[in-house]
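This report walks through a two-chain model for a reader who is new to protein structure. Please keep the sequence and the three-dimensional view at hand while reading.

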Amino acid sequence: MTTTPARLGALPARRVGEDRLARVPEPAVDVSPYFDLDRGLVDRTIFSDQAVYRQELRRVFAPSWLFLAHESQFTKPGDFFTSYMGEDPVIVTMGKDRKLRAFLNACRHRGMRVCRADAGATKAFTCSYHGWSYDTSGKLINVPNGGDYPAHFEQDQWGLIEVAQLDTYKGLVFATWNPEAPPLVDALGGLAWYLDAMLDHDPEGTEAVGGVHKWVLEGNWKLAAEQFASDWYHVNISHASALMVMSPTGKGPKTEIVQTPGRQYTDSLGHGHGFPTHPKSRFDDRVVHEWTDYEALRERLGDARVEGPMTTGHGTVFPNFSYLPVNGSIRVWHPKGPDKMEVWAWTIVDKSMPDEVKDAQRIYNLRTFGPSGIFEQDDGENWSEVQATAHGFVAGSMTLNYQMGLGLQSEDGVHPGTTGRLYSDGAARGFYTRWRDLMNTPAWHEKNTEKNPEDTP
Amino acid sequence: MSIHPPDTPRTTAPAVDEDMRLHFEVQRLYALEAQLLDQHRYADWLELFTDDLHYWAPVRTNRLRRQQALADGSPGEVAIFDETKASLAWRIRRFDSGMAWAEDPPSRTRHLITNILVWPAGEPGEYVAESSFLCYRNRLEREVDLYAGGRTDQLRRDPDDGRLLIARRTILLDQNVLLAKNISTFL
């Protein structure tokens, strides 16, 4: 390992020689004291502390594979979609070679956002500040008054900063700034088996319905990511009103549904997926349900997946991508400071669905999830009120209980990997184990800096 | 649609009279509607709509000026609301469950409806009305949300009693990222 100071060039993209300043390392917080996960204990400081948040951007978001978009949003060269990786604005675009690329949405000259549209089609991204212009492969193609730059100005060294890796998994586009990250499929690990219950119904795959729901929440992003990884427990209480109007009797689910059996998957990568296995614990749309060929799905995916992860489940790809199989809802929890997140939610449908079934899925999802959804309205209330109580000295540093299902996780021989009971904090403990380890490990971009003693807890 | 409102000086006096009567009627309908919503009388509110209602609020995206045609969501895309009278009734039943936590304790809302323009359209007894809304929501101790935008309604007289009913509503909320944790009222 070299001892030269890290340069921005240590970040992916454009590796160059001299035109970079050394990054000034930020002090690291040792987050170990905030956890005793073997006993299911979590200190609330991790949800509200500013220094912890800054470190998350460096050590959790920057090194991880992050969800960007659905492949079906790009059909021809020049199509673009803008999003965020952590708090970094990015452009995802299809180049002339039909390859998807993602760039930092910031001009190399003064950092101005070079693309201010949410989506569209273009030949070039031209900065509206001084006119630096970049093509869809990120190359700097025009610098007004270029003759006034010194001789050592190398235009080809000042392209948009590109992600280190971009890949897709069954229609989902992910990218990472981390050149050392394992391939996407390895990063998804054992969760892929569960994720496929949503993405792999047939060889045609999925497509995204037009439009993205975007809304703000006054809550730390981990509240949502953790809940989607692990928390079926809240459903019967938080969503009691929705369950009531959706149950056939109008009086709410029967006891055997409330007490539904189910499993919850957890792994060392921080992913989680929970699902009931009671055949009548279903809250899917009737039109979609009637169209679905469950026999064909059993053939393709096996009984265990049809009866488990494909039901009314929920999952999180660490760190901030979550999904709901029966709703066709996929979403990313963009961090916006320790106290805020922005939810971006897409609706996906099977390409092979007839139009009326696709539409039924779309409508079902927007009536249940999304900002006006009868389920999601109540999630918003929970997360904002949890965050609102996190700022007191006593309330903000109290120990939270993540003990549900401790000691009950195993390999059940039906569902691959480690699973526990449906009503469990198992995947939340897995999520925070991974989060803690990333937070206490210098990321690739810190490795070339002079060794900081605080980096080794 | 003409860029001029229907009551230009060129119209004859009886027509002006008719326009004023219609405008007054629509304004009163919207004031009543706002009051019902602000008093959380949702079942009564629903009575203001026809049975074949389509109640729709598309999402708004930022698009380059040359692609402005795509800035408002199209039918069949992700939307904030895409409702029938039955699905609105379903949403309303939820509030009556006693466990709809996002509205329990209830929010304080004030729906302000203004900039009303209305003109006859289609069959006799059918009208198009445009209006602007500002809905202030204050919730719990200090949460404040503002929902502002425009509505285009198709209005139709009830064949029995001649009351104006809302048959179709398109809501354009003037926000890109919705700046609220949810929408638990109606617009």
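In chain A, the strands β1, β2 and β21 form, in that order, an open sheet of three strands with antiparallel pairing. Here helices (H or I, at least four residues) and strands (E, at least two) are DSSP runs, numbered from the N terminus, and two strands pair if DSSP finds at least two bridges between them. The edge strands of this sheet are β1 (35–36) and β21 (399–401) of chain A, each of which pairs on one side only. Strand β1(A) is joined by two bridges to strand β2 (residues 41–43) of chain A, and these two strands run antiparallel; A:Asp36 has A:Leu41 in β2(A) as its bridge partner.

The model is predicted, so local features need pLDDT of at least 70 and side-chain atom pairs count only at pLDDT 80 or more, while totals for chains, interfaces and linings use all residues. Residues are numbered from 1 along each chain as its sequence is written, and chains are lettered from A and ligands numbered from 1 in the order in which they are written.

**Confidence**

The pLDDT is the predictor's confidence in each residue, from 0 to 100. Chain B averages a pLDDT of 93, and 94% of its residues score at least 70. For the complex, the predictor gives an ipTM of 0.92 and a pTM of 0.93. Where pLDDT is low, the predicted coordinates should not be read in detail.

Chain A contains 14 helices and 22 strands. Its radius of gyration is 23 Å, close to the 23 Å that the globule rule gives for 457 residues, so chain A is as compact as a globular protein of that length. The radius of gyration is taken over C-alpha atoms, and the globule rule is 2.2 Å times the number of residues to the power 0.38. Chain B has three helices and six strands, and from the N terminus on its elements run α-α-β-β-α-β-β-β-β. A compact globule of 187 residues would have a radius of gyration near 16 Å, and the 18 Å of chain B agrees with this.

A residue is buried if 20 or more other C-beta atoms lie within 10 Å of its own, exposed if 12 or fewer, and partly exposed in between, with C-beta atoms placed from the backbone.

| Chain | C-alpha box, roughly | Buried residues |
|---|---|---|
| Chain A | 75 × 50 × 40 Å | 50% of 457 residues |
| Chain B | 55 × 45 × 30 Å | 26% of 187 residues |

Two residues are in contact if their C-beta atoms, placed from the backbone, lie within 7 Å. Among contacts in chain A between residues at least 6 apart in sequence, 65% join residues at least 24 apart. In chain B, residues 24 or more positions apart account for 57% of the contacts with a separation of 6 or more.

**A helix and a residue in chain A**

A:Leu172 lies in strand β12 (residues 172–176) of chain A and is buried, with 25 other C-beta atoms within 10 Å. Leaving aside neighbours within four places in sequence, A:Leu172 is in contact with A:Phe67 and A:His70.

**Strands of chain B**

Strand β6 (residues 164–173) of chain B pairs in the parallel sense with strand β1 (residues 49–58) of chain B over four bridges, and in the antiparallel sense with strand β5 (residues 143–157) of chain B over nine bridges. Within β6(B), B:Thr170 stands opposite B:Trp56 and also opposite B:Thr152. The strands β5(B) and β6(B) form a hairpin with six residues between them, and B:Gly162 in the turn has a positive phi of about 75°.

**Where the chains meet**

The contact takes 36 residues from chain A and 34 residues from chain B. On the side of chain A that touches chain B, α12(A) gives the most, with six residues. The residues of that side divide into 15 nonpolar, eleven polar and ten charged, where Ala, Val, Leu, Ile, Met, Phe, Trp, Tyr, Cys and Pro count as nonpolar, Asp, Glu, Lys and Arg as charged, and the others, Gly among them, as polar.
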